[in-house]
Amino acid sequence: MSPDPFALTCPRPLVPDTVQMAHGGGGRLMKELIEGVFLPALGADPQGLHDSAVVEAGGGRLAFTTDGFVVHPRRFPGGDLGELAVYGTVNDLAMAGARPLALAAAFILEEGLPLDELAGLVASMKAAADRCGVRIVTGDTKVVDRGKGDGAFITTTGLGLVPAGVEVHPRRVRPGDAVLVTGDLGRHGIAVMSVREGLAFETPIASDCGPVHHLAAALLEAGLDVHCLRDPTRGGLASVLNEIAAAAGVAIEAREDDLPVDEAVATACEILGLDPLYVACEGRMVAFLPEAQAARALDLLRAHPEGAGAAVVGRVLDGPAGRVTLRTSLGTARLLDLLSGEQLPRIC
Amino acid sequence: MRFVDEYRDGAAARTLAEAIRRRVTRPWTLMEVCGGQTHSIVRYGLDELLPPEVSLLHGPGCPVCVTPVAIIDQALAIAARPGVTFCSFGDMLRVPGSAEDLFAVKSRGADVRVVYSPLDALALARELPDREVVFFAVGFETTAPANALAVAQAKREGLANFSILVSHVRVPPALEAILASPQRRVDGFLAAGHVCAVMGTEEYLPLAAKHRVPIVVTAFEPVDLLQGILMAVSQLEEGRAEVENQYARLVQAGGNRPAQALIGEVFQGVDRTWRGIGPIPDSGLGLRPAYVAFDAARRFGVEGVGGPESPECQSGLVLQGLLKPMDCPAFGKACTPDHPLGATMVSSEGACAAYFRYRRFAPVEAP
């Protein structure tokens, strides 16, 4: 204790000195990790952060992205690790407005993983790649000692071609844009949690795991002025809205009554004390475009089975930069904040 | 969603808010006891719908928030031991002890697991006979029956590798402490619906009579809360001080007798220290002598462990309704959910967490 009772007591910060689960949760701690460790060392894309980087190459523009996949369990209702690894990267390319060209896949396998299971995952990858019209053209395999890896980790890297004239980026989002989602929210996270935690629901919940590149293409090929696209994976829709609002320097308001959430997902979230707006999707897209084009965009999206549940869920406002609010079903407004880390089931 | 959507209906909420506005003639201060109610109020902006005469204070009913630092430190000490599998409800993991939280211990290799029920921890104890499985038994009367059940089953099965770290608290002694305080600002209570589903409403009768205070047992959805507020305001306007039950669809006057019997079999009343508030006599539950072999604090010899509370954290005032979260000088500055000074900032039922998450900026203008 300080002998001087008037000395300032500096609050003892609980800054963790080790990597914690919340550093991967898509919330504020992950943002701190990226801004505090990766960007200072590696430098940032001068274009600003997005799901894919766009690089000039011989007069054309290539979208370039990479993603590591570590889902547990590796097979879950509605999908598996293999197809997740393909769709995740194809979708990240599509979020830059790119047409996927080719993928690379790196496998980190744990000693003892059944070969049958690995073959199953690879077959899923092939089927998913065929569905997206993209080939897995190169790869790498490493095996680690038993106990040094959780069965199988897959990293995929994707290359895509950005068509001339297409400019899809958070910095283009502006007041007056409508916010669309292509389907109901929170399925993937709840589907995985239900098997991971051994929770059984009366209505089984399947992951939405799937591609959205054709939905992105439908909007772009129709000539709509798509300002930004983002897939609401880790951290869910709420985190996407926060990231975009901050990157574009705008405010965003979502309307609770318009947010599509499946009854079974809503019920599961209710029981577990989770908010579906923060739960991961793996086959959904959030689109920002001028409000006047929203109705046409909805028609285009709903023409595809994966976009049947598309809805306009909010709008971009000329408000304080980075502020995301939710207009509740009661007509009141509240903050829709970036979470600290992952959501935790509560006591009672 | 049936049985939920009806209680979140905007038209019903506005009708009730209007009825409150018509009923109220002078200022009244109500305290919602449970942190779940606090979150609902802030999340739905119910206070914005109320007339200016009605103020809401947030009460002590957040089990995570009132668990003293010393017990968190004991949990950290036990969890760090090799051979221990430490099980907890999720929102205890982020609560700071005097030096760190359970997440930090986990990241250094401790086996810390999130479970949804003490019975899951019991199942783990059966599955892992070579490990000591410890469950962090925190909570009000709501979680006490399931925790009692887990201990009773462990005893019946002779599961020697199962124990619980107990920090149970009871609502009525906390309300008595708030009402007896010279700084009392509360005119009426919205009592915690789920606590009363277990314990019934009868134990609140002496409190209402002694302190001349209306107590309305209230549920957690917006329409429930507004109806509870209307009932409490009506009592105050009419000069009544009764125990009323808004949550009649779940709460019976006698409560859940089998659950009470289970609590009585395994637990007994003990004095407990509340984080930020201090010791309150007979305000907690501890294991009876017949079950003391399942007391983790004793088994691991950590009873003396425990550091001081953060001097910057004013959660004690927040938990007694004496300070609004946003009026705390540390709110949003030295204290955030990422780097909390106290539990009220990280618990899913904590008042500071509710304000940080839903209300950090002034409310935006209506469209």
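The structure is a predicted model, in which local features need pLDDT of at least 70 and side-chain atom pairs count only at pLDDT 80 or more, while totals for chains, interfaces and linings use all residues. Residues are numbered from 1 along each chain as its sequence is written, and chains are lettered from A in the order in which they are written.

**Domains and their contact**

- Chain A is assigned domain 1 (50-161) and domain 2 (170-335), with bounds that come from an automatic or database domain assignment.
- The centres of domain 1 of chain A and domain 2 of chain A, taken over C-alpha atoms, are separated by 23 Å.
- To the contact, domain 1 of chain A brings 23 residues and domain 2 of chain A brings 22 residues, where two residues are in contact if their C-beta atoms, placed from the backbone, lie within 7 Å.
- On the side of domain 1 of chain A that touches domain 2 of chain A, helix H2 (81-94) and helix H3 (115-132) of chain A each supply at least two residues, and H2(A) gives the most, with 9 residues; helices (H or I, at least four residues) and strands (E, at least two) are DSSP runs, numbered from the N terminus.

**The sheet**

- Seven strands of chain A form an open sheet with mixed pairing in the order E9-E11-E8-E12-E10-E13-E14, two strands being paired if DSSP finds at least two bridges between them.
- Its edge strands, each pairing on one side only, are strand E9 (228-230) and strand E14 (333-335) of chain A.
- Strand E10 (residues 251-255) and strand E12 (residues 311-317) of chain A pair in the antiparallel sense over 4 bridges, and A:Glu253 has A:Arg315 in E12(A) as its bridge partner.
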